[in-house]
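Please look over the model below before reading on. The notes that follow go point by point.

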Amino acid sequence: MPPSDPASASALSLRGLTKRFGPTIAVAGIDLDIPTGSFYGVVGPNGAGKTTALSMATGLLEPDTGTVLVHGVDLWADPASAKPMLGVLPDSLHTFDRLTGAELITYAGLLRGLDREVVRERRDDLLAALDLRQAGSTLVTDYSAGMTKKIGLACALVHAPRVLVLDEPFEAVDPVSAGAIRRILISFVGSGGTVVLSSHVMALVERLCDHVAVVGSGRILAAGSLDEVRGGQDLEDRFVGLVGDVEDGRDLAWLRQS
């Protein structure tokens with residue numbers, strides 16, 4: 001691939017991704033290059049196609065058309081080479097919740113082919129870093145929503161991937177744990193890793209991300225550095241300008257108390 005091609009310097013490159021569910025077009029042709037070493041935010045309204053696009057970009061959902069390259073490796077043509085480079089935290093994570101937290105991380109590490117002793121050391125490090133040490137012997141089915149997010153992140157990290165793709169990783173997470181997660185992710189990017197983060201919280205994206213893509217109606221409406229996409233506005237204002245405000249903004253006068 002010629003050096004001038006943006007995909008050659010990308011941690012993740014999406015070309016022509018489409019997905020239809022019956023009559024509904026969820027993703028209508030997405031092209032996106034995510035630079036290596038970037039902290040990349042993906043934002044969009046509910047139903048915009050973010051989760052579907054990220055699922056196709058990580059091998060969880062096969063696209064109708066299009067290609068995904070992970071550091072230049074075709075994900076769907078050579079998944080055995082591409083998938084080990086990915087760490088994924090899906091939205092609405094379904095996991096083996098009859099395992100303890102420690103057992104689930106161990107399972108994830110062994111599934112990735114890691115040595116058992118390496119898995120044990122990394123498991124203990126992750127449980128401590130994510131404030132789950134005391135919950136390590138508790139069944140995941142008894143975890144809160146925030147704890148489940150954190151154990152899912154630990155499973156995504158245990159094999160030391162090159163690219164992390166996280167769908168709403170801070171949802172239901174308490175402020176102290178959110179701070180720990182931010183530190184882990186910032187350190188990961190600082191060491192050369194790449195984070196792709198989907199979120200509805202614009203302030204969070206502005207605080208963490210150096211690049212952002214706005215998705216609407218299954219397409220990329222804007223993408224680039226944070227400053228380029230904002231265009232001198234707050235990200236939230238720019239976002240609303242791109243995707244449109246609520247069409248029916250009627251006055252709910254009947255809610256007023258006087």
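1. Start with two terms. Helices (H or I, at least four residues) and strands (E, at least two) are DSSP runs, numbered from the N terminus. Two strands pair if DSSP finds at least two bridges between them.

2. Now the ground rules. This is a predicted model, where local features need pLDDT of at least 70 and side-chain atom pairs count only at pLDDT 80 or more, while totals for chains, interfaces and linings use all residues. Residues are numbered from 1 along each chain as its sequence is written, and side-chain values use heavy atoms, leaving out hydrogens and water.

3. Look at the hairpin of strand 1 and strand 2. Two residues sit between these strands, and G22 takes a positive phi near 60°. Strand 1 covers residues 10-21 and strand 2 covers residues 24-35; they pair in the antiparallel sense over nine bridges. Within this pairing, K19 stands opposite V27 of strand 2.

4. Strand 1 also has strand 4 (residues 65-70) as a partner. Five bridges join them, and the two run antiparallel. Here T18 faces T65 of strand 4. In a regular strand, side chains alternate between the two faces of the sheet.

5. Which order do the strands of the open sheet take? The order of its six strands is 6-7-8-3-9-10, with mixed pairing. Strand 6 and strand 10 (219-225) are the edge strands, each pairing on one side only. On average, neighbouring strands of this sheet are turned by 15° against each other, direction ignored. (Axes are lines fitted to C-alpha atoms, for helices over the stretch in contact, and angles run from 0 to 180 degrees between N-to-C directions.)

6. Strand 7 (residues 163-167) and strand 8 (residues 194-198) run parallel and are joined by five bridges. V163 has T194 in strand 8 as its bridge partner.

7. Next, the aromatic rings. Rings of Phe, Tyr and Trp (its six-membered ring) pair if their centres lie within 6.5 Å; planes under 30 degrees apart count as stacked, over 60 as edge-to-face and the rest as tilted. This rule gives one aromatic pair. The ring centres of F96 and Y107 are 5.3 Å apart and the planes stand at 80°, so the pair is edge-to-face. F96 lies in the loop between strand 6 (86-89) and helix 3, and Y107 in helix 3, so the pair ties together parts that are eleven residues apart in sequence.

8. (Buried means under 20% relative accessible area, exposed over 50%, partly exposed in between, with a 1.4 Å probe and protein chains only.) Helix 3, which holds Y107, spans residues 101-111.
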